[in-house]
Amino acid sequence: MAVSLDLAHAANRPRPAPPVMPMAGDEKPSLVGLDRAALGEALSAVGVPDKQIRMRVAQLWHWLYVRGVADFSQMANVAGTLRQALHEAYTIARPEVVDEQISVDGTRKWLFRFPPRGAGRPVEIETVYIPEEGRGTLCISSQVGCTLTCTFCHTGTQRLVRNLLPDEIVGQILAARERLGDLPDAATPAGAIVPNGGRLVTNVVLMGMGEPLYNYDNVRQAMAVASDGEGLSLSKRRITLSTSGVVPSIVKAGEEMGVSLAISLHAVRDELRDELVPINKKYPLKDLLDACRAYPGLSNARRITFEYVMLKDVNDSMADAKELVRILRGIPAKINLIPFNPWPGSAYECSDWDQIERFADYVNQAGYASPIRTPRGRDIFAACGQLKSESERLKKSARDRLESLRASELAAD
Ligand code: SF4
């Protein structure tokens with residue numbers, strides 16, 4: 001349906017300010033990631049009459065999240081005048097794809113760049129796609145860097161630059177779907193390993209860079225958009241928020257977002273968890289497990305996933321396995337055992353495979369479905385705990401080279 005823009009009407013009434021965050025320089029605010037009310041305000045601000053707002057919002061929503069367009073000019077049933085007005089005021093651009101790496105196992109890792117916000121500079125984050133039989137999981141980031149310093153995690157060595165905004169969180173899903181050809185009329189790249197039939201991105205996990213509960217409002221808004229039934233339509237059960245244990249926000253997240261929960265557990269005693277996941281000093285295991293027990297909607301069909309990275313001679317003894325079973329008693333739980341994925345400079349080794357199997361057998365026999373998560377994308381540093389923006393990696397390697405040069409100069413003196 002063609003639309004017309006009632007500019008004369010618009011000129012005679014006050015325009016609400018755009019509800020989106022202003023950016024530096026010429027950057028335009030993004031319409032991606034806004035809820036319907038905010039999208040309506042953005043339309044109103046460019047002169048769309050009140051009586052048309054609802055219909056226009058529905059149109060834009062469809063173009064953004066069902067058709068997945070990244071340019072107003074592609075919105076074929078929107079009048080040229082409105083497309084031009086939107087183009088002048090806003091953007092719906094995807095993040096820039098700085099790099100795409102494809103593992104031998106089909107895992108893909110993208111380095112996405114977002115424009116500066118406020119007085120900031122462009123930022124880069126990583127997003128990973130893991131294709132499996134019958135499902136395709138997208139692991140997205142919620143922050144650039146991280147304030148927490150989990151010692152087994154590469155991201156934890158990169159300081160927090162800033163929180164990602166809703167458009168940047170949703171933008172990762174849209175950009176990944178575009179790269180995979182998972183949009184109407186798009187073709188999947190030749191030779192890509194993807195699930196057979198149906199959608200290529202079936203699940204989203206907030207397990208990339210950052211602690212999602214330390215970017216609560218933006219994550220909540222982005223997940224509301226991602227799970228909207230008239231748009232991206234991801235089932236809330238297929239969205240998993242993984243937290244290192246921000247106890248005060250756990251139950252609230254269950255109530256307000258309704259997504260599945262994963263806990264980055266990794267140790268069963270406070271003393272060790274204080275070291276591996278330092279937020280434990282603030283929110284110890286007992287408080288964390290109490291919050292898990294109170295998570296809304298838990299049942300045997302809807303369990304919390306406990307992530308447990310297997311670190312040789314650190315947390316992989318049979319005593320640890322027994323304690324793990326004991327402390328999770330009464331919580332509908334799955335345990336994901338993750339063979340440690342080393343990264344340059346990491347202080348840990350992966351447990352021996354025999355030990356991982358013994359550990360898994362014990363927790364399985366205790367009644368927990370505890371798959372050993374097959375390492376994916378190791379050859380492209382896309383596995384759990386390995387994400388770090390490429391520029392940070394390059395900076396580190398440049399620093400290392402400089403230090404070794406200085407050391408050899410000193411030795412020569
Ligand atoms: S595991 Fe998560 S919370 Fe911990 S440092 Fe890594 S990104 Fe941050």
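Here is a short exchange about a predicted protein model and the terms used for it.

Reader: What kind of model is this, and how are residues numbered?
Author: Residues are numbered from 1 along each chain as its sequence is written. The model is predicted: local features need pLDDT of at least 70, side-chain atom pairs count only at pLDDT 80 or more, and totals for chains, interfaces and linings use all residues.

Reader: How many helices and strands are in the protein?
Author: Twelve helices and eleven strands. They are DSSP runs, numbered from the N terminus: helices are H or I with at least four residues, strands are E with at least two.

Reader: What makes a residue of this protein count as buried?
Author: A residue is buried if 20 or more other C-beta atoms lie within 10 Å of its own; 12 or fewer makes it exposed, and in between it is partly exposed. C-beta atoms are placed from the backbone. By that test, 44% of the 413 residues are buried.

Reader: Why is strand β2 called largely enclosed?
Author: Strand β2 covers residues 108-114, and six of its seven residues are buried, so the rest of the structure largely encloses it.

Reader: How do you know that β2 pairs with β1 and β3?
Author: Two strands pair if DSSP finds at least two bridges between them. Six bridges join β1 (residues 96-102) to β2, and the two run antiparallel. Here D99 stands opposite L111, and E100 opposite W110. Between β2 and β3 (residues 123-132) there are seven bridges, again antiparallel. There R108 stands opposite Y129.

Reader: What makes β1 and β11 edge strands?
Author: Nine strands form an open, mixed sheet in the order β1-β2-β3-β4-β7-β8-β9-β10-β11. β1 and β11 (333-339) each have a single partner strand, so one side of each lacks a neighbour in the sheet.

Reader: What does α6 pack against?
Author: Helix α6 spans residues 216-226, and its buried residues include V219, A222 and M223. The buried residues of α6 pack against β6 (162-163), α5 (166-180), β7 (203-206) and β8 (239-243). Contact means that the C-beta atoms of two residues, placed from the backbone, lie within 7 Å.
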